Amino acid sequence: MWSGSLDAVQTGDWLTAMRRVQLTADAVCGGLTFDELNRRTREGSIHRVRRGAYEAADSWPTEPAEQHRSLIDGTLRQTPTPAVVSHTSAAVLHGFPTWNDDLTRVHLTRDNGGKGKVRRYVHLHVASLPPTDTCLVDDMVVTSRARTVVDLARTLPLGRAVAAGDVAQRLGVTAQEIADVAARSVGWPGMANGRRALEMLDYRSESVGESMSRVTLWEAGLPPAIPQFEVFNGSGALVGRCDFGWPEFRTLGEFDGRIKYGRLLKDGQSSSDVIFAEKQREDALRDLGWQVVRWLWEDLFHPVQLRERLERAFARGRRG
């Protein structure tokens, strides 16, 4: 039923009554006709989440992940047979990173045989679901964090899967938990590629950009770097900690995401203060004979050029 009184609906203050996803049946029970529901949708006072599910326009979230939460809610309440929220939808509920183009359908998994299906709003998977692979999130049955990591590794492109898995490990999922689920998933579709993603997980990556960078550098054929590499001076004082380090080449790598400098802000500091401090830190690293290479999101789409920049830095570092 509506999360408000019938009186509110009958007096026309329906938006006040509706503060969460509601179904068409709820609206009809609350006194609205189908024509009134359609009219308010056209006017924009309510938002159509999916067929048969609505949310007040002023409570409709702006973030795609939060919009997907509403889609999950509206979908589960119209699903006649119980199913477990899984894959990218589970990633949203667990707080793992997701991409907007992965959020068009709700992913559900059932353990009842049959075949999977892909519909406009739902991607239904059929797979074994032992109790240890499920948990409750916001009163919804969801694949566990470890199971979600393995499902994403099987079904997502390598970079996206690694980024999600890195965050999962930073949130406390252990390598052993992931390995236990992977051992039960041998022979499942996508596990051949999924093993590569699981082997590449590293909790030391502190951002999605760093995780994606690590995959891009591996795909470009570069030697593995040490994440969160620390450089000390001759007195043993820490000069700087960098996203990537290749000590054998005296080279450091830094991924510059838009939120990075905001994350470094201290009380009373402005962005210009942080950028100036970063420049001083980089100058100090260069004074110690280190090469420093920085890249942006855009550079990850041009791996050959990024590899060439790093290889030139490697050559300079060896000569130095």
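Ile226 stands opposite Gly245 in strand S11. Let's start there. Keep in mind that this is a predicted model.

Ile226 belongs to strand S10, residues 226-232. Its partner S11 covers residues 238-246. The two strands run antiparallel, and six bridges join them. What lies between the strands? Five residues do, in the hairpin of S10 and S11. Look for Gly236 in that hairpin: its phi is positive, near 85°. One general point about strands. In a regular strand, side chains alternate between the two faces of the sheet.

Next, helix H6, residues 87-94. Is it enclosed or open? Eight of its eight residues are buried, so H6 is largely enclosed by the rest of the structure. Here is the list: His87, Thr88, Ser89, Ala90, Ala91, Val92, Leu93 and His94. After H6 comes Gly95. Gly95 has a positive phi, near 85°.

Last, a pair of helices. H8 spans residues 158-170, and H11 spans residues 208-219. Their axes are 8 Å apart, and the packing angle is about 135°. H8 passes H11 in a right-handed crossing. Which residues make the contact? From H8, they are Leu158, Gly159, Arg160, Val162, Ala163 and Asp166. From H11, they are Val208, Ser211, Met212, Arg214, Val215, Trp218 and Glu219. Sort the contact by class and you get seven nonpolar, two polar and four charged residues.

Definitions and conventions:
Residues numbered from 1 in each chain as written. Predicted model: local features only at pLDDT ≥ 70, side-chain atom pairs only at ≥ 80, totals over all residues. Heavy atoms only, no water. Buried < 20%, exposed > 50% of the residue type's maximum accessible area, 1.4 Å probe, protein only. Helix = DSSP H or I, 4+ residues; strand = E, 2+ residues; numbered from the N terminus. Pairing = 2+ DSSP bridges. Axes fitted to C-alpha atoms, helices over the stretch in contact; angles between N-to-C directions. Left-handed = near helix turned anticlockwise from the far one by under 90°. Contact = heavy atoms within 4.5 Å. Nonpolar A, V, L, I, M, F, W, Y, C, P; charged D, E, K, R; others polar.
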